[in-house]
Amino acid sequence: MTHLHEFDPRLLSEVAALPALPGVYRYFDEQGGVLYVGKARNLKKRVTSYFQKNHGGTRIGHMITKIVRMETTVVRSEAEALLLENNLIKALNPKFNILFRDDKSYPYLKLTGGQAPVEGAPPLANAYPRIAYYRGSVEKKHRYFGPYPSAWAVKDTILLLQKVFRLRTCEDTVFNNRTRPCLLYQIKRCSAPCVGQVSPEQYALDTANAERFLQGQTQEILGELERKMLLHADRLEFEQAAELRNQMSALSKILHQQSMEIGGDKDVDILAVKVQGGKACVNLAMVRGGRHLGDRPYFPTHVEHATDVAALDAEPDASVEPAKEKSIEALVLEAFIAQHYIDVPVPPTLVVSEAVDKDLMAALAEQTGSRVAAVHQPREQRRVWLEMAQKNAGLQLARLLAEQGSQQARTRALAEALELPMDNLEALRIECFDISHTAGESTQASCVVFKEHKMQNSEYRRYNIEGITPGDDYAAMRQVLTRRYTKLAEAARNGEATLPDLVLVDGGKGQVSMAREVFVELGLDLGLIAGVEKGEGRKVGLEELVFADGREKVYLGHDSAALMLIAQIRDEAHRFAITGMRARRAKVRVGGSRLEDIAGIGPKRRASLLQRFGGVRGIASASIEDIAMVDGISTELAEEIYRALH
């Protein structure tokens, strides 16, 4: 039994002196660790209940015996208490709170601001808005749509906008230096404003329609396109009418494929929770502009320790009626809503799998300054969305429980950390590159492949790097990436091959910058590239990931399963490069001695041959005629060299 007199008298006097006002309280143990953070309408009544009730051998009783110090903060309203409580939970990581760790900021779709084109001047990028993936702080001069649950949802939306409205995705530097349309124009994914293939007025109209599409005004767009098509047909302008017909057809097909709701909900979040085996999953699905954009699972910590304490904290302050005990699912869901929507815009409607406390929703509405409704037991389309979210929550939690401690868990952790596709982790493909040489000699690049939760040795490749300044790792990386992805990019565009989901390069900003240049030239997605940068003191476990698409660096933590997988892949790439480089170096040195053993080949002629052909392998692959073209090499000597090397 827990009695009042068992606690430090100073602590009890602090409890007795608390005001009957709304506020937030924190409990600390004797090591200074934070045990619990809670909020209350009436601080005095709530905190006193911890020390006066008999909590027996429950987790609450276990926590209370550890309390040696308390801090409180009085606030003006419950909304302020809600905000402060959840900011403190995220900052202090208390042991007995249900905690949803800070997720990276959500991605958005950015539509750059457009300026009026200068008449008679060549097309400039700033006159034609561009659609792009974006993550970070927003700027007023651009327009942003979202948030989206994942990077893949943004990229899928960009593809839809390219198909229907043909807006450009190229960077401004590429746009301003084009002299002819790129491949995207040929496959009808861009209207090529860079070379004047579309008028500024038409492009502005397409941009406006794309905005309306993102806002869910699809019926209005279809009606307007139909009116214009009929008008062109009446004027016998059949080519323009056919263009509009094709645009309508593409838009209608997308509406059918996406099961978009016309005239229904525009912006909704669907929240489903599943608890099992001491673990919990909240699955958040997003509907924006009437389109279901996909979902994202969240896995809280401290679930098994927190529920008893959270249940006590959720009791109403009035003691007239006994408190109705909340389910674990409801407590987890309320914790998610309170913590998640501190930094993320709240849509007007939340569809939830558990009944949510009305006071929580009122505080959330006060905090955001707009009405927010929580719909439990929904009907029609909302019910379909919720059932889908519940099913996915169950699947995600089952996977988590099955994969813990396994290679699959590492794959999942990396996919979650970097927002890689989650629907089929078996097919997740990662390629990693490393450069190896000895003082610039025998430079070789390696490419190793991770797929189906393991390294795929049969798909490893080595590339001999030639024609660069010895020791120039950046040039070596440029060469290997260009050789690796030039043909693959073309095949992927034709649907004959698939690109990897992630391209890792062993190095920091410099190597990532070089990879970025190659991917821009090939028209590939910059979001695929990540560099593994050594941490402080080059210590293992302190590595950071550097990205080519402008995202902030990511430190995964020395005990992170995602970092373990990255280290495994990086180390394998390094091992494969080292063994190949050593073998090649030995071969080149043997070849060098064989070259000098040929009568008539001294240091000067050997140097001329190596300079001309880049190495012994280059000489061996050259014809007699090519060798004879080197200064000082006669046809007879060329024949001798050819025979010696073959």
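Helix axes are lines fitted to C-alpha atoms over the stretch in contact, and angles run from 0 to 180 degrees between N-to-C directions. This is a predicted model, in which local features need pLDDT of at least 70, side-chain atom pairs count only at pLDDT 80 or more, and totals for chains, interfaces and linings use all residues. Residues are numbered from 1 along each chain as its sequence is written, and side-chain values use heavy atoms, with hydrogens and water left out.

**Helix H4 and its partners**

Helices (H or I, at least four residues) and strands (E, at least two) are DSSP runs, numbered from the N terminus. Helix H4 covers residues 78-92. Two of its contacts are set out here.

| Partner of H4 | Axes | Angle |
|---|---|---|
| H12 (residues 328-340) | within 9 Å | roughly 95 degrees |
| H13 (residues 358-368) | 8 Å apart | about 90 degrees |

Angles of 65 to 115 degrees count as roughly perpendicular. H4 and H12 are therefore roughly perpendicular to each other. H4 and H13 are therefore roughly perpendicular too.

Contact means heavy atoms within 4.5 Å. On the H12 side, Leu82, Asn86, Ile89 and Lys90 of H4 meet Ala335, Ala338 and Gln339. That contact has 4 nonpolar, 2 polar and 1 charged residues. Ala, Val, Leu, Ile, Met, Phe, Trp, Tyr, Cys and Pro count as nonpolar, Asp, Glu, Lys and Arg as charged, and the others, Gly among them, as polar.

On the H13 side, Glu78, Ala79, Leu82 and Leu83 of H4 meet residues including Asp359, Leu360 and Ala363. Here the classes are 6 nonpolar, 1 polar and 3 charged.

**An aromatic pair**

Tyrosine 27 and tyrosine 50 form one that is edge-to-face (planes over 60 degrees apart). Their centres are 5.3 Å apart, with 80 degrees between the planes. Tyrosine 27 lies in strand E1 (residues 23-28) and tyrosine 50 in helix H2 (residues 43-52), so the pair ties together parts 23 residues apart in sequence.

**The largest cavity**

A cavity is a set of points on a 1 Å grid where a 1.4 Å probe fits but cannot get out, and lining residues have an atom within 4 Å of a point. The largest cavity holds about 70 Å³ of space. Its lining includes Tyr133, Trp152, Lys155 and Asp501. Helix H5 (residues 151-165) gives the largest share, 3 residues.

Conventions. Parallel < 35°, antiparallel > 145°, perpendicular 65-115°, else oblique. 1 Å grid on protein atoms, 1.4 Å probe; cavity = no way out; pocket = protein on both sides within 12 Å on 5 of 7 lines; lining within 4 Å. Points joined across faces, edges and corners; volume = space filled by probe spheres on them. Phe/Tyr/Trp six-rings, centres within 6.5 Å; stacked < 30°, edge-to-face > 60°.
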